[in-house]
Amino acid sequence: MAASGSGGAGRADNGYGSQQPRRRKGPGALATTYLVIYNVVMTAGWLVIAVGIVRAYLTKGSYHSLYYSIEKPLKFFQTGALLEILHCAFGIVPSSVVLTAFQVMSRVFLTWAVTHSVKEVQNEDSVLLFVIAWTITEIIRYSFYTFSLLNHLPYLIKWARYTLFIVLYPMGVSGELLTIYAALPFVRQAGLYSISLPNKYNFSFDYYTFLILVMISYIPIFPQLYFHMLHQRRKVLSHTEEHKKSE
């Protein structure tokens, strides 16, 4: 549940590859239409979150406690990303179900099992840090998929997807880690989601320890994903430049 892909190219391409769904006879056009609608809706949803953040900041004159102004749409649209797992499972998008599930569930986990469940952290500036990173990332990502599916991808969106992660990914990961860290004392004090022995199932679970393990897992995963994305950036953008020169 770590390194959830906060940067612009942080999440796998969800099988769009050349940003087209898997071509099939018959259902191909239907699948494409569905995916375009889904990505348009998700783009609009994250734009609503972005507008909500800006409006709340202008109203309050402070960036503190802005989470409450976008809490509901954040939960709704981040949870809506679970459909991407089904897209892979049903073959609408030819991407790894396991990889997509890991990336989506890590964000859903942070949204519900940490930020929602530990009310005390909702005022933390670190929450706003990852929310802003996620918001910019998802607006770019879903726009990227939408235009790609329509075979009309503006270079600016392509450049943004493979460039802004350089800042957004470390920013999002920092916010995620700081939020989990801030939640630890409250989780320990309340015994949140923990199961103690003895019980009839002879099973115990310490959510506090689990969160620490989640934080530790960022150490090996974050650098691998980050350098992979840098490699992808060089590959994709250099290919685009070569294509432009050949025209």
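Phe144 and Tyr145 are both buried, where buried means under 20% relative accessible area, exposed means over 50% and partly exposed lies in between, using a 1.4 Å probe and protein chains only. Their rings have centres 6.0 Å apart and planes at 65°, so the pair is edge-to-face.

A word on the model: it is predicted, local features need pLDDT of at least 70, side-chain atom pairs count only at pLDDT 80 or more, and totals for chains, interfaces and linings use all residues. Residues are numbered from 1 along each chain as its sequence is written, and side-chain values use heavy atoms, leaving out hydrogens and water.

**Rings that meet**

Rings of Phe, Tyr and Trp (its six-membered ring) pair if their centres lie within 6.5 Å; planes under 30 degrees apart are stacked, over 60 edge-to-face, and the rest tilted. By this rule there are 18 aromatic pairs. Here are two of them:

| Pair | Centre distance | Plane angle | Type |
|---|---|---|---|
| Phe144 and Tyr145 | 6.0 Å | 65° | edge-to-face |
| Phe165 and Tyr226 | 5.9 Å | 70° | edge-to-face |

Phe165 belongs to helix α7 (residues 165-190) and Tyr226 to helix α8 (residues 207-246), so their pair ties together parts 61 residues apart in sequence. Helices here are DSSP runs of H or I, at least four residues long, numbered from the N terminus. Phe165 is buried, with a relative accessible area of 0%, and Tyr226 is buried with 15%. Elsewhere, ring pairs link Phe109, Tyr193, Phe205, Tyr207 and Phe210 into a cluster.

Rings can also have a charge over them, which here requires NZ of Lys or CZ of Arg within 6 Å of the ring centre and within 35 degrees of the ring normal. Arg161 lies over the face of Tyr162, 5.6 Å from the ring centre. The charged end of Arg188 sits over the ring of Tyr208, at 4.5 Å from its centre.

**Two helices to look at**

Helix α2 (residues 67-80) has 14 residues and should span 20 Å at 1.5 Å a residue; its end C-alpha atoms are 19 Å apart, which agrees. The expected span is 1.5 Å times one less than the number of residues. At Pro73, α2 bends by about 35°, the angle between axes fitted to the seven residues ending there and the seven starting there. Buried residues of α2 include Ile70, Leu74 and Phe77.

Ile85 lies in helix α3 (residues 83-89) and is buried, with a relative accessible area of 16%. Leaving aside residues up to four places away in sequence, Ile85 touches Val97, Thr100, Ala101, Val104 and Met105, where contact means heavy atoms within 4.5 Å. Ile85 and Met105 are 20 residues apart in sequence and 9.3 Å apart in space, C-alpha to C-alpha.
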